[in-house]
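Open the structure in your viewer and keep the selection panel at hand.

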Amino acid sequence: MRAEKERLFKLRAEINEHNYLYHALNKPVLSDQAFDQLFAQLQAMEAQYPQWASADSPVQRIGAAPVASLQSVAHQVPMLSLDNIFSEADWLEVDRRIHRRWQADAAAITYVCEPKLDGLAISLRYVNGSLVRAATRGDGQQGEDVTHTLRTVANVPLQLRDPATQGGVGALPELLEVRGEVLIPRTTFATLQAAAVQRGEKPLANARNAAAGSVRQLDPKVAASRGLRFYAYAVAESSQELPGSQRELLTWLQGLGFSLAQEIHCVSGAQAVMQQFRQLGEQRAQLPYEIDGMVIKVDSLAGQALLGFVARAPRWAVAWKFPAEEVRSRLLNVVWQVGRTGALTPVAEVEPVEVGGVTVRHATLHNAAEIQRLGLHIGDTVVLYRAGDVIPKIDRVVVELRVPEAEPVVQPRCCPECGSDILQPEAEVVARCSGGLYCKAQRLEALVHFVSRRAMAIDGLGEKWLSQLLESGQVQQPADLYRLEKKALLTLERMGERLADKILGAVEKSKATTLPRFLYALGIRTVGEATALALARHFQDLENLLQADQHTLEEIPDVGPVTAAFILGFFHQDYNRRVMRELLQAGIHWPTMELVAHGAAGSMVITGTLSQLTREEARQLLLKMGLRVASAVSAKTRAVIVGTDPGSKYTEAQRLGIPVWSEADFLQVLRQHGLWPLN
């Protein structure tokens, strides 16, 4: 048995060494067939002797059982990001700042230039040479534990190489935390894309997103099938003293078994860095993985320590980003999408083209002003780029290649989803659909607003339930909420009888509302609570408001030309008027507004103790209604609000014949004006 155990451990060490030669040094000495035979022998032995199984065995890369969820991990040393620069002038300024702070001779500073890998930042933690944890960057302070997926990455050392046993110097550190990037190589990504298309699946968006999604898989077998690779570039913690420079540090990491990126160069001076950046840009397409720039680091670790950090980034390193890659394509069409708030967004459809390793079929256009700036015509040859190497955008039109049959792109007058008018006041950049209560693109947003606490206050009916009601077809617009039946509600996932009763009770209760709340619940663009209250005070009932014109609306203090245009546009739509009629037919009602105009004659006086309001809260509410509040009763007093244990003010009001409001009377007036209950 002892001989078998020694053979198993020797076989593991041999396979680890061949993995190192293949992945870290790119110098394999075995054919793939010979390596597979060794691996099969180890698998057979570990199956025969499970008592000698180990988490750092190469066999573990096949993938263990799925995890239930990703757990949060606190980084002992924060995973900071780098500041970005975009030009030679930016770099020269960085170099000047480094010299000024370090007070070093201009020719003395040596920089390490590394490719900026376009992947996912990962931290690997080792104890006594064994991998114990892998984590994502997250927000820099907290990441996610992804040890189960990183163990499947072929070039991640599960057990570090011991320098002493490999003819080197030093020993394995008891604690080591290595930072690096995990990614999917170009050829691997192309193979994955072809396989997805062959299976009839949607292709992956790009290699970076595919790598990030693979790392965060709950099932490690999925990650194991994606061909991920890890490249080290830094050490966060080490229990033993580190080499004196960044380049020596990388060489040391390679000796421990880590892979390094290609095209890492050590140069002296700012001009040499610029030359290296140009060379890397020329080599970019030939590299085995996607990069989006070059990372420049001060080589001296002592210099790095001296330069230190700002709040979120080191002063001794910077990321010089490549210019966005540009390609040409042809504009096939412009599709107008309607967002949840009614905003109209044009999206360009172009002939498929590769931009930065991603097949682009659509590009954002933002709004009609952007289309006008570009002078876009259907059929135009356009120049595309990926903003931040992520979002495809149109930079310009190649006007000299415009075909005779090209037609200008025109913003639609009616919503492509519901046919309502498109509104765009002069002061607004974004055009919007006016069919807020009717438009299917806006239904969920409109319903969420309609039931909210400051609107119709239908307690318990949140976005989750509204989404299900929309999907099931039970609700299409707000009036449908008042036709809900318990039997239908119970068909929703996770809906119980008690909750169904609570929701139906809240729906019924909401029928008794106020005119300001009702107007606010309609979701008219720019009409908030204050404007809804001003409209209700001014017009007193809904019918008067529906008859108002632009000039009349603009006479109200809280309503300007833009808001007036949105109000008119909303009420002009037959769909919106129909929904309002159906809401009133469903039983929604409110008390008649009492005329309490701004600047009304007289003042209010409060006496006694109010049970549901403090004296100051009552005073503020009276001020909101445009009324003055006095401390004494006089012949000019409009009314006296009387609580329990009133004083002489109550007696004086009776003597002068001044109207007296009980607390209940006062609360009713507040309800009429949408000020009660308190929000």
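Predicted model: local features only at pLDDT ≥ 70, side-chain atom pairs only at ≥ 80, totals over all residues.

Residues are numbered from 1 along each chain as its sequence is written, and side-chain values use heavy atoms, with hydrogens and water left out.

A salt bridge here is a side-chain nitrogen of Lys or Arg within 4 Å of a carboxyl oxygen of Asp or Glu. By this rule the count comes to 26.

Select R278 and E88. Their side chains form a salt bridge, 2.7 Å from N to O. R278 lies in helix 9 (residues 270-283) and E88 in helix 3 (residues 88-102), so the pair ties together parts 190 residues apart in sequence. Helices (H or I, at least four residues) and strands (E, at least two) are DSSP runs, numbered from the N terminus.

Next, select E237 and R125, which meet in a salt bridge of 2.8 Å, N to O. E237 belongs to strand 8 (residues 229-238) and R125 to strand 4 (residues 120-127), so this pair ties together parts 112 residues apart in sequence. Is R125 buried or exposed? R125 is buried, at 14% relative accessible area, while E237 is partly exposed at 22%. Buried means under 20% relative accessible area, exposed over 50%, and partly exposed in between (1.4 Å probe, protein chains only).
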